[in-house]
Amino acid sequence: MITGSAIHFNLKNQDLLLLPQKAIYWRQEKALIAADVHLGKVGHFRKAGIAVPLHMEQNELAVLSDLIFEHKAEKLILLGDFFHSDMNADWDWFILWRSQFPKLEIILIKGNHDIIDEAHYRHLNIILHDELLIGPFLMLHHPLIDEDIKDAAGYVFCGHIHPGISLAGKARQHITLPCFAFGDRQAILPSFGKFTGRVAIRSNKTDRIFAIAKDKVLAIA
């Protein structure tokens, strides 16, 4: 069951719902957008002898399932680093999960961690791209630098850097929360995967920053 407080955000005349589960629902496309799921990272660490809770991988897929059902999504757009490494036992969980959504269109924008042979994705009816223009939005994995972004074919949606916003409390305590960062021409999505870190980003006065605190999305700037 989905709980929490989302924020409606209109961008380029498109209706977006910023979700506390660190994804976006795009109403016009009936699409969920998520970046940096990093499936297989748990299995990758366990394989290396690092103790990680066994349930973490299934939890990520369960959250995706809940979001698909809640919003009646017909499309899932993944902005790279969907699977963390080469195939391991966690891939079997994904095969089972995919079988529950045979009509769901899944688009993967390949990231630097997406090293699994493309044939395995095609076998599961997953469409692969290096970049993809959908409506006014250009879907990428890596953010564009300022010199390149002015020539982009559309407003960029990307991930890769796992953005966070650093907040200070009255008692000098600091916390870095995952966030959605919307600039003039580029939006960076938070890492969907829970087993990832985050990097505090600098924001310009024109940026819109939405922090994610537990089950709420909060407009910061």
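Which residue takes a positive phi in the hairpin of S15 and S16? Before selecting anything, note that this is a predicted model, in which local features need pLDDT of at least 70 and side-chain atom pairs count only at pLDDT 80 or more, while totals for chains, interfaces and linings use all residues. Residues are numbered from 1 along each chain as its sequence is written, and side-chain values use heavy atoms, with hydrogens and water left out.

Select strand S15 (residues 208-213) and strand S16 (residues 216-219), which run antiparallel and are joined by four bridges; strands here are DSSP runs of E with at least two residues, helices are runs of H or I with at least four, and both are numbered from the N terminus. Ala213 has Lys216 in S16 as its bridge partner. Two residues lie between the strands of this hairpin, and Lys214 is the one with a positive phi, near 55 degrees.

**The whole chain**

Of its 221 residues, 50% count as buried, where buried means under 20% relative accessible area, exposed over 50%, and partly exposed in between, with a 1.4 Å probe and protein chains only. The accessible surface, by the Shrake-Rupley method with a 1.4 Å probe, comes to about 11300 Å², and 53% of that belongs to carbon and sulfur atoms. Among contacts (heavy atoms within 4.5 Å) between residues at least 6 apart in sequence, 64% join residues at least 24 apart.

**The sheet of seven strands**

Next, display the open sheet of seven strands, which has the order S1-S2-S3-S4-S5-S6-S7 and mixed pairing; two strands pair if DSSP finds at least two bridges between them. Its edge strands, each pairing on one side only, are S1 (7-11) and S7 (126-129), and the twist averages 25 degrees from one strand to the next, taken between axes that are lines fitted to C-alpha atoms, with angles from 0 to 180 degrees between N-to-C directions.

Ile7 stands opposite Leu18 in S2, and in the hairpin of S1 and S2, with two residues between the strands, Lys12 takes a positive phi near 55 degrees. In a regular strand the side chains alternate between the two faces of the sheet. In S1, Ile7, Phe9 and Leu11 form the covered face, whereas His8 and Asn10 form the uncovered one.

Move along to strand S5 (residues 75-78) and strand S6 (residues 105-109), where the pairing is parallel, over four bridges, and where Lys75 has Glu105 in S6 as its bridge partner.

**Helix H3**

Now select helix H3 (residues 90-99), which contains Trp93. The buried residues of H3 are Asp90, Trp91, Phe94, Trp97 and Arg98. They lie on the same side of H3 because they cover an arc of only 115 degrees around the axis, the arc being that of the directions from the helix axis to the C-beta atoms. Trp93, at 40% relative accessibility, counts as partly exposed, and its C-alpha atom is separated by 9.6 Å from that of Leu39, 54 residues apart along the chain.

**Ser191**

Finally, select Ser191 in the loop between strand S13 (186-188) and strand S14 (199-200). Ser191 counts as buried because its relative accessibility is 5%, and a polar atom of its side chain lies 3.1 Å from the backbone oxygen of Asp36.

Methods:
Polar contact = N/O pair within 3.5 Å; in protein donor to acceptor, adjacent residues only side chain to side chain.
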